[in-house]
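Subject: Structure handover

Hi,

Here is the structure you are taking over. My notes follow below it.

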Amino acid sequence: MKVERRLARVFALSHPLEAAQALERSPEAERSKLLEDLPLEAAVAVLRQMESSVAAAALAERPAVDVAAVLAAMPAQNGARLLERIEVVKRRDVLVNMPTDVARALRRSMHHPEDSAGALMDSHVVAFPRDIKVNEARKRVQREPRNLRYYLYVVDRDDRLVGVV
């Protein structure tokens, strides 16, 4: 194993939040490749700390079988949060490529009761982690204007709403 890969693995496992923040700041085209270079355990640790829409976009670039392996290695709640943000066709391919019990747990975690706030929410809105710098938030808005609505939502690393701008 190359020294760089070993260092990246150790850093991702020892400091997943910092690794997630570094990946979030990296160019969109490089995120998927950087995650691919990490062993499964390290990739899961980092993805669990990343802002969900950024993590899902990086995963969506990977083959369905790879995404299935990563999501199956996560707690169902984390996997469902990312899977919800992947387009429907890719989502179906991912679910087909994972063990039936894991796919069932993810499907259950993704669905909200029809009369709940979760059923009404748009999972593609622009949301930023509370620790992002303003300059980085502006860059992301400029790179990804398609999901920009009237508000920017500020969330913690578990995707719980902490503010609105």
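Accessible areas come from the Shrake-Rupley method with a 1.4 Å probe; for residues, only the protein chains shown count as cover. On that basis the protein exposes about 9,900 Å². Carbon and sulfur atoms supply 54% of that area.

Ground rules first. This is a predicted model, where local features need pLDDT of at least 70, side-chain atom pairs count only at pLDDT 80 or more, and totals for chains, interfaces and linings use all residues. Residues are numbered from 1 along each chain as its sequence is written, and side-chain values use heavy atoms, with hydrogens and water left out.

Overall picture. There are 11 helices and 3 strands (DSSP runs numbered from the N terminus: helices are H or I, at least four residues; strands are E, at least two). Their order along the sequence is α-α-α-α-α-α-α-α-α-α-β-α-β-β. Of the 165 residues, 41% are buried (under 20% relative accessible area, 1.4 Å probe, protein chains only). Take contacts (heavy atoms within 4.5 Å) between residues at least 6 apart in sequence: 64% join residues at least 24 apart.

The sheet. It is open, with mixed pairing and the order β1-β2-β3 (two strands pair if DSSP finds at least two bridges between them). β1 (127–129) and β3 (161–164) are the edge strands, each with a single partner, so one side of each has no neighbour in the sheet. Strands β1 and β2 (residues 153–155) run parallel and are joined by 3 bridges. In one of these, alanine 127 partners tyrosine 153 of β2.

Best wishes

Definitions and conventions. Buried < 20%, exposed > 50% of the residue type's maximum accessible area, 1.4 Å probe, protein only.
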